[in-house]
Amino acid sequence: MNYTFVSATILLILITDPIGNIPIFANALKNVAVERRPWVILREVLIAFVLLLTFMFVGDGFLRVMNLSELSLQIGGGVILFLIALRMVFPPPNAAAPEMVGEPLIVPLAIPALAGPSALATVLLLVSQAPGRRMEWIAALCVTMTVSAVVLVLAERIQRVAGDRFVVALERLMGLVLVAVSIEMMLRGIKTFARQLAAGV
């Protein structure tokens, strides 16, 4: 897929899923003082941003070291996105989350809530497909992390104003869009693989 700045930004927002992360952050921060929570959220978003940004710069070297092709990354990334999207559309039953003691750091908020495997695979894919447009992908990541920070800092207000049902419905809609994106990614990878096989024959 040939991504633009806008489509890459939308894809990253769908994958980092700030709406879906609201319950995770609420549970992890419930023992943190109310006035301290925005600073913790901003810190975790910054950590996730630095990690994803690092992958943008070391992505090419990582693919070479692991002997991975862009094609395998595209198909594998599509599979991961599909599984993530299914969890958004059909969330598993609420399991008892472990009680957080003190202030969370890095895990589980920055990693894997924001900078999970799907987000890491996506930034690798963007850079591997168009390394010359790295500044566009960095800008898309900046917008994504800004949106995530705003949504998560205002999470309690969003839930009060919009209601839990609206938040859940929006989460399902984002999942549905991500299902379509993941299938398109896999189909394009499979088509490219089929052309390579035909050319080899």
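Glu-136 counts as partly exposed, at 30% relative accessibility. In this predicted model, Glu-136 forms a salt bridge with Arg-133, with 3.1 Å between the closest N and O atoms. A search of the whole structure finds six salt bridges.

**Salt bridges**

- Arg-133, the partner of Glu-136, is partly exposed, with a relative accessible area of 28%.
- Salt bridges with shared partners join Arg-36, Arg-43, Glu-44 and Glu-103 into one network.
- Arg-43 is partly exposed because its relative accessible area is 23%, a value that lies between the limits of 20% and 50%.
- Glu-103 is likewise partly exposed, with a relative accessible area of 34%.

**Nonpolar core**

- The largest nonpolar core contains 52 residues, of which Phe-25, Leu-52 and Trp-137 touch the most other members.
- Two or more residues of this core come from each of α1, α2 (22-28), α3, α4, α5 (109-114), α6, α7 and α9.
- Setting aside residues up to four places away in sequence, Trp-137 touches Tyr-3, Thr-4, Phe-5, Ala-8, Met-56, Leu-126, Val-127 and Ala-130.

**Thr-9**

- Thr-9 is placed in helix α1.
- The relative accessibility of Thr-9 is 7%, so this residue counts as buried.
- Apart from neighbours within four places in sequence, Thr-9 is in contact with Ala-140, Val-143 and Thr-144.

**Helix α9**

- Helix α9 spans residues 164-200, 37 residues in total.
- From the first C-alpha to the last, helix α9 reaches 54 Å, close to the 54 Å expected at 1.5 Å a residue.
- The buried residues of α9 include Val-167, Glu-171, Met-174, Gly-175, Leu-178 and Val-179.
- Also buried in α9 are Val-181, Ser-182, Met-185, Met-186 and Gly-189.
- These buried residues of α9 pack against α1 (5-16), α4 (70-89), α6 (117-129) and α8.

**Nonpolar surface patch**

- Trp-39, Leu-42, Val-150, Val-153 and Leu-154 make a nonpolar surface patch of about 450 Å².
- At least two residues of the patch are supplied by each of α3 (37-65) and α7 (134-153).
- Leu-154 is located in the loop between α7 and α8 (155-162).
- With a relative accessibility of 33%, Leu-154 counts as partly exposed.

Notes
Residues numbered from 1 in each chain as written. Predicted model: local features only at pLDDT ≥ 70, side-chain atom pairs only at ≥ 80, totals over all residues. Heavy atoms only, no water. Patch = residues over 30% accessible without salt bridge, like charges linked within 9 Å, V, L, I, M, F, W, Y side chains within 5 Å. Areas by Shrake-Rupley, 256 points an atom, 1.4 Å probe, with all protein chains shown as cover. Salt bridge = Lys/Arg side-chain N within 4 Å of Asp/Glu carboxyl O. Helix = DSSP H or I, 4+ residues; strand = E, 2+ residues; numbered from the N terminus. Buried < 20%, exposed > 50% of the residue type's maximum accessible area, 1.4 Å probe, protein only. Expected span 1.5 Å × (residues − 1). Contact = heavy atoms within 4.5 Å. Core = buried A, V, L, I, M, F, W, Y, C linked by side-chain atoms within 4.5 Å.
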